[in-house]
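Good morning, everyone, and thank you for making time for this. I would like to walk you slowly through one ligand and its surroundings, so please keep the picture in view as I talk.

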Amino acid sequence: MKIAELPVPEQAKEILNKMGLTELFPPQEDTIRAGVLDGRNMVLASPTASGKTLIAELCALKHVLEKNGKVIYLTPLRALASEKFEEFGKYTPIRKQDGRRVNVGISTGDFDTADNWLERYDIIVTTNEKADSLLRHRAKWMDEVSLVVADEVHLLNEAERGPTLEIVLARLLQVNPDIQVLALSATISNVDEIAGWLNAKYVVTEWRPVSLKEGVLLHDEIQFKDGDAKKIERKTRYPTINLVLNTLKTGGQALVFASTRKNSVSAAKTIAQHTGEVLSKPMKRTLEHEAEKILSAGERTQISDTLAELVRCGAAFHHAGLSGAHRRLIEDSFKEGKIKVLTATPTLAFGVNLPARTVIIQDYRRYEPGYGNYPISVLEYKQMAGRAGRPKYDKVGESILIAKTSDEADYLMEGYVLAKPERIWSRLAVEKIIRGHVLATVASDFAHSENGIYEFFGKTFFAYQYDVKAIRSIIAKILKYLYEEEMIDISGDNIYATKFGKRVSELYIDPLSAVVIRASLRNKPALVTDFGLLHLISHTPDMGPVMRPYAREVDALALALEEHRDQLFTDVPNEWDDHISYEEFLGEIKTALVMNSWIEEVSEEQLIERFNVQPGDLYRTIENAKWLLHATDELARLFGEKEVLPLTGELVERVSKGIKKELLPLVRLEGVGRVRGRIMYDAGYRTIEDLKRASVEELTNLRLVGPSLAKKIKGQVGGFVKKETWERLDKEEEFEQRALSDF
Ligand SMILES: Nc1ncnc2c1ncn2[C@@H]1O[C@H](COP(=O)(O)OP(=O)(O)OP(=O)(O)O)[C@@H](O)[C@H]1O
Ligand SMILES: [Mg+2]
């Protein structure tokens, strides 16, 4: 079927045509024949790289251009959200019926906001969590959504995050029963069930545009699924490296999946020792430039040094311990064919289009806390394998598991290569997981009686697969808890949220965290300090897994605990009676110390060294701390806790920038972060007034302040600048290479 013949807006077809897309892939044809463009709900289960996104694109344009509709595109990962946002970007030149251009937006950030600005957008790419929080705020435009795309819908099966997707879909269907649902996945075996739940038709295909040869490498021979075999030159004693070198020699790129962050780093290091011979001189120069970019993105740390060193050799690692900026640089550089080999944890397993001719799965086991080393699911294996052989980049793809013995090789062939992905199960019925959702159901006016609540939960995938009765008792227990904690109130058959409950729901925190915060605010320590507040938020379940104290840190942490005891908002568990809780508590103290050092302007390098944390974890803790401090600030406001308010308000800003109080006015300027703010402050520019009086020359004389930043600062603070100076700055700005990130 030709794209030109499709019943979709002409302008969309022109754009696709210009990109060289003329024919539909067979799965796309099947889905269109099944009625997806006529508004049918649809589950499309089709292999990786079979072009599922294009169906979502065509459907989205149909809604926006012909039905005056609005589209929300749900993804599980931020990296995938940005890739999809870029893909939809190609349609922005198209004009709608009202003459305006198609507007595509992305929203993955802050949870406590209704983001009314999103109203202007026609297509909104977002994460499931963000969509959930928007629904809690009853963002008005949510009622106008006419198409929801649930990408990677197999996520339903994931214990932590699956329930959010389930709730979001059920709510959207409740708010707008006419909404069209399009669910996509390469790895679902019980398609009929998911389709049954969503009242959808389904299309299942086995077609892939680029053939993907799956196999198992034992010593120096690959056995493929189709019976083929291939010998790999044994250049080193590591099979993974031999396989990588083999791929590079033929001009391909390789993606290696490792089971832990540490393994991904060590694999990249070993590989980098061997890549030199395949890199041309010009490529080496290009990589030198890429390495410089890595070093200038954010503060310099040992991790950025290591990464830059590897990038010079055409290799890199990618895991959640890296900063977002580094991850993006690496993804782009790999996509542009500069970095040749990428080692990654499963952070890159889902949905992304990468130029990996060969995917190597080094380890099929992963450490699961509480279970030990545990084999990964077939579903996850298939997703990782599916990153190889993407039509945009390669004509063939290979995905190889590594076996050490022939027994293991047989097991891998049977258990993964030839196996089907597992059935998808709802993970909803867990108290800890649905506590917040039950509250939100009441607080955001989705239901106002016990029966109404059961009715809503009766529309979830859980109720479809099991029976709503199975969660009734959990819901009843949660309602009792919420009532006792004064988040909901009951009159007759009516259940409604109190002010407290409503705010908690909007703040997107676990009701349990809110209870901890409220109790602490009512029971303030003698001394209210930054440290005490930082510990309080580290004590809430929303802070996530607290930083684990290493054995050698325990004494120092215990000492720090004693030093700060009179500032703590919570009781300290007894070391002898309850050793486990005590150790956990020391972990909270550690988190608070890390945050406290961060706002005392300790450098990232020192933080990493002193506390043994990785940048990614540091940033995640900062993000969580910001959000929980904001929640504490809001709850303190609600309860009239005037004493803590000045501190909490300031802490939100200080944690977000990592600064002492004195830098607050400076870092409020765009382009100024903790490092540059400190340089300016120490040079005597302490207030906006100081900066107003400073000449442009004086500012550019400061370290790390170039002409474009000087111009940006002057533009914000005002003050006299000669016309010639502006013109000179304009010119210089063009030549300025330095990245203007906020640091
Ligand atoms: N009809 C087509 N003709 C040529 N290329 C296409 C066509 N449809 C899609 N593609 C290209 O195929 C690639 C893979 O598509 P897409 O990312 O949608 O795969 P997917 O099915 O979502 O895979 P995954 O399950 O891994 O997410 C993209 O680069 C896309 O541009
Ligand atoms: Mg996809």
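Let me begin with E23, where a backbone N or O atom lies 2.8 Å from a nitrogen atom of ligand 1; please bear in mind throughout that this is a predicted model.

Which residues are the closest to ligand 1? In a surrounding group of 22 residues, the closest are E23, A49, K52, T53 and R390. By class, this shell has 8 nonpolar, 7 polar and 7 charged residues, and the element that gives the most to the shell is α3, with 3 residues.

Now to the space itself, for ligand 1 sits in the second largest pocket. That pocket holds about 1100 Å³ of space, and of the 45 residues that line it, T53, E83, E87, N353 and K392 are the closest to its centre. The elements giving two or more residues to this lining are α3 (52-66), α4 (78-88) and α12 (324-335). While α3 gives the most to the ligand's shell, α4 gives the most to the pocket lining, with 6 residues. The lining residues divide into 16 nonpolar, 12 polar and 17 charged.

Definitions and conventions:
Residues numbered from 1 in each chain as written. Chains lettered and ligands numbered in written order. Predicted model: local features only at pLDDT ≥ 70, side-chain atom pairs only at ≥ 80, totals over all residues. Heavy atoms only, no water. 1 Å grid on protein atoms, 1.4 Å probe; cavity = no way out; pocket = protein on both sides within 12 Å on 5 of 7 lines; lining within 4 Å. Points joined across faces, edges and corners; volume = space filled by probe spheres on them. Helix = DSSP H or I, 4+ residues; strand = E, 2+ residues; numbered from the N terminus. Nonpolar A, V, L, I, M, F, W, Y, C, P; charged D, E, K, R; others polar. Near = heavy atom within 4 Å. Polar contact = N/O pair within 3.5 Å; in protein donor to acceptor, adjacent residues only side chain to side chain. Sits in = over half its atoms within 2 Å of the grid points.
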